[in-house]
Amino acid sequence: MTRCYWAGVAARTVPIPSDGPVEGWRSGSLADAVRREAMEEAGVRVTGVPRLVCVSNVVEYGRHYLALEFGVTEFSGEPTVREPDLIESWQWYPLDELPDPLFKPRQLALASLHDSRLLNDA
């Protein structure tokens, strides 16, 4: 079972969870997809505009990932487990105290937040 983490106690910046393909995405904007994923996976309603935090090109875990990582600061609700077969729990952590290991694209997104760098070609 995967443990997923929401981060950002101080600024409450939320990396939107999605460590797999965005299912059923046939139309609409990326912002719409972020809002839908946040609601489907965690029961959180994104009320503001999702901000693209990082684009990463990563070969890890025996796979190739082209990951678009978004962050939001305006939302309502607290994360709840909606897919218990996939997610054990949601927890808030300060950005400098996240547990290990973190999915490589998520590591790059956090580095992008820190360094104001959008593209990570690792």
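Helices (H or I, at least four residues) and strands (E, at least two) are taken as DSSP runs and numbered from the N terminus. The expected span of a helix is 1.5 Å times one less than its number of residues. The structure is a predicted model, in which local features need pLDDT of at least 70 and side-chain atom pairs count only at pLDDT 80 or more, while totals for chains, interfaces and linings use all residues. Residues are numbered from 1 along each chain as its sequence is written, and side-chain values use heavy atoms, with hydrogens and water left out.

Confidence is given as pLDDT, the predictor's confidence in each residue, from 0 to 100. The protein chain has a mean pLDDT of 75, and 75% of its residues reach 70 or more. The lowest confidence in the chain is in strand β2 (residues 14-15), with a mean of 46, and the highest is in strand β3 (residues 45-46), at 92. Over residues 1-5 the pLDDT stays under 50, and the model has 18 contacts (heavy atoms within 4.5 Å) beyond four places in sequence for these residues. Residues 7-19 also have pLDDT below 50, and this stretch has 48 contacts in the model beyond near neighbours in sequence.

Helix α1 comprises residues 30-42. Its 13 residues reach 18 Å from the first C-alpha to the last, close to the 18 Å expected. At the start of α1, a side-chain oxygen of S29 comes to within 3.4 Å of the backbone nitrogen of A31. Just after the helix, G43 has a positive phi of about 70°.

The whole structure contains two salt bridges, each defined as a side-chain nitrogen of Lys or Arg within 4 Å of a carboxyl oxygen of Asp or Glu. One joins R35 to D32, with the closest N and O atoms 3.7 Å apart. R35 and D32 are three residues apart in helix α1 and so are separated by about one helical turn. R35 is partly exposed, at 27% relative accessible area, and D32 is likewise partly exposed, at 38%.

Another salt bridge is formed by the side chains of R106 and E69 (3.2 Å, N to O). R106 lies in helix α2 (residues 104-115) and E69 in strand β5, so the pair ties together parts that are 37 residues apart in sequence. Both R106 and E69 are buried; the relative accessible area of E69 is 5%. Strand β5, which holds E69, covers residues 63-72. Leaving aside neighbours within four places in sequence, E69 is in contact with R51, L52, V53, C54, P105, R106 and A109.

In helix α2, the end C-alpha atoms are 16 Å apart, which agrees with the 16 Å that its twelve residues should span. The residues P105, R106, L108, A109, L110 and S112 of α2 are buried. Just after α2, S116 takes a positive phi of about 55°.

Notes. A polar contact is a pair of N or O atoms within 3.5 Å; within protein, one must be able to donate a hydrogen and the other to accept it, and residues adjacent in sequence count only if both atoms are side-chain atoms. Buried means under 20% relative accessible area, exposed over 50%, partly exposed in between (1.4 Å probe, protein chains only).
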